[in-house]
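Here is a short note to read alongside the structure. Keep the picture open and look up each residue as it comes along.

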Amino acid sequence: MPIIQGIIASSYKAGGSFESIATLTAAGGETSLTFSSIPSTYKALQIRGIVRNTNASTGWTGLKVQPNSATSTYADHRLSGNGTTASANGSTGRAFGLVDNSVPRDGNTASVFGTVIIDVIDYASTSKAKTFRNFTGVDINGTGIVNLTSFLWTDTTAISSIVLSPETDAFKAGSTFALYGIKGE
Amino acid sequence: MLSKLVQLSHYTELRENNVAATYEPIAATTLGSAASSITFSSIASTWTDLRLVLTAKGTSSNYPYMRFNSDSGSNYSLTRLQGDGSSAASGRQSNQTELFLINGSLDTTIPGLITVDIFSYAGSTYKTFLTTGSTDQNGVGYVVRIAGLWRSTSAITSVYLYTSPDQFAAGTTATLYGIKAA
């Protein structure tokens, strides 16, 4: 069988439209991590990460997201699959954006982290409310969940910081979030 | 833009100023003829995450699979969420010897789009990934989202894609990207 060992060799320049802004890594025990001083020069932001919390139970909990540390007003919707059933729900009036079912607890198989990709477009707009789109999940070989969620932050303030918190307890050591900026024209 | 095929181990010679970009194509291929597999090998540990983008057709209605580092042990598992145009459902596979990339077969004429985001691929935890699969053939199709796990703490140095039965059809493209965090 052919083995394709190839590369598009190019004069690809460092930088480009997708830029790394900052990375946060939990030493363990932090109840929140914060991206601060986010520049307003991008069109969109993406957060990519792996996460686990310190609770000794099995199962999973949610990830709270708060732009500018805001405690109002958020609404969310979720479509999830737990390996058996597809389900959907939503809520309004939360004090945080909820990325549900994304943080496995520490009683699960060791060395398994949940995965998150969080996107927000026009985060620096001062005339638009902010919608976050999230693709997250965890598989633990016999259990697990995959989620498509979105949440709305009704505020039109430009986002200059983002606070991430597990819905309960604290981040496990090694939980890591990387913030990227995507440039527009 | 200069474009040619070279060995993966030589790619650093071709980057401008040898500086890794944040979102960088590592390797890519378009099949000029049918092939039973596609392998990305000698993947350096330079980046934080890997992203595989595959537009795939099959020579028959066959199924695409993936393995890491040639591991054929029962070390793969996944949880999926899918919609087929009629209903939404969820399923699971555990203790598998390979990863079923999508919950459906490849079409022979219309490429399906598959992406795989592999997180902290060079780290010391088990390897987790998120997969999207999308295809529509005007009356038939599906969308699937997967959370997957490879129970190995080894860094991923190769990605092996294959179909069963038969082959990837000519015109199938596969691109591997590296994403570098600050």
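Predicted model: local features only at pLDDT ≥ 70, side-chain atom pairs only at ≥ 80, totals over all residues.

1. Is Tyr177(B) buried, exposed or partly exposed? Tyr177(B) has a relative accessible area of 21%, and buried means under 20%, so Tyr177(B) counts as partly exposed.

2. A search over all chains turns up 15 aromatic pairs in the whole structure. One of them joins Tyr23(B) to Tyr177(B): the ring centres are 5.1 Å apart, the planes make an angle of 50°, and the pair is classed as tilted.

3. Next, please find Tyr65(B) and Tyr162(B), an aromatic pair that is stacked, with 5.5 Å from centre to centre and 25° between the planes. Tyr65(B) is part of strand β4 (residues 63-68) of chain B, while Tyr162(B) is part of strand β11 (residues 159-164) of chain B, so the pair ties together parts that lie 97 residues apart in sequence. Both Tyr65(B) and Tyr162(B) are buried. They also belong to one aromatic cluster, together with Tyr63(B), Phe100(B) and Tyr160(B).

4. Now step back to chain B as a whole. Which kinds of secondary structure does chain B have? The count is 0 helices and 12 strands. Of its 182 residues, 55% count as buried. Among the contacts in chain B with a separation of 6 or more, 74% are between residues 24 or more positions apart. The accessible surface of chain B is about 7000 Å², and carbon and sulfur atoms contribute 46% of that area.

5. How are strands of chain B arranged in the open sheet? The sheet has 8 strands in the order β1-β12-β3-β8-β9-β10-β5-β6 (chain B), with antiparallel pairing. At the edges are β1 and β6 (88-96) of chain B, each of which pairs on one side only. From one strand to the next, the twist averages 15°. As an example of the pairing, strand β5 (residues 76-83) of chain B and strand β10 (residues 141-150) of chain B are antiparallel and share 8 bridges. On these strands you can find Arg80(B), which stands opposite Ile146(B) in β10(B).

6. Turn to chain A and look for Phe18(A), in strand β1 (residues 18-25) of chain A. Why does Phe18(A) count as buried? Its relative accessibility is 12%, and the cut-off for buried is under 20%. Which residues does Phe18(A) touch, leaving aside its neighbours within four places in sequence? Its contacts in chain A are with Gln46(A), Tyr180(A), Gly181(A) and Ile182(A), and those in chain B are with Thr22(B), Tyr23(B) and Ile179(B). Phe18(A) and Lys183(A) are 165 residues apart in sequence, yet their C-alpha atoms are 6.6 Å apart in space.

7. Strand β5 (residues 74-81) of chain A is mostly covered, with 6 of its 8 residues buried. One partner is strand β6 (residues 86-94) of chain A, antiparallel to β5(A) over 8 bridges. Here Leu79(A) has Ala88(A) as its bridge partner in β6(A). The hairpin of β5(A) and β6(A) has 4 residues between the strands, and Gly83(A) takes a positive phi near 95° there. Another partner of β5(A) is strand β10 (residues 144-153) of chain A, again antiparallel and joined by 8 bridges. In this case Arg78(A) stands opposite Thr149(A) in β10(A).

8. Strand β8 (residues 114-121) of chain A is also mostly covered: 7 of its 8 residues are buried. With strand β3 (residues 44-51) of chain A, β8(A) pairs in the antiparallel sense over 8 bridges, and Val51(A) stands opposite Gly114(A) in β8(A). With strand β9 (residues 130-139) of chain A, β8(A) has 6 bridges, also antiparallel. There, Val120(A) stands opposite Phe132(A) in β9(A).

9. One last stop for your tour: the charged end of Lys64(A) sits over the ring of Phe96(A), 4.9 Å from the ring centre.

Terms used:
Residues numbered from 1 in each chain as written. Chains lettered and ligands numbered in written order. Heavy atoms only, no water. Phe/Tyr/Trp six-rings, centres within 6.5 Å; stacked < 30°, edge-to-face > 60°. Buried < 20%, exposed > 50% of the residue type's maximum accessible area, 1.4 Å probe, protein only. Helix = DSSP H or I, 4+ residues; strand = E, 2+ residues; numbered from the N terminus. Lys NZ or Arg CZ within 6 Å of the ring centre and 35° of its normal. Contact = heavy atoms within 4.5 Å. Areas by Shrake-Rupley, 256 points an atom, 1.4 Å probe, with all protein chains shown as cover. Pairing = 2+ DSSP bridges. Axes fitted to C-alpha atoms, helices over the stretch in contact; angles between N-to-C directions.
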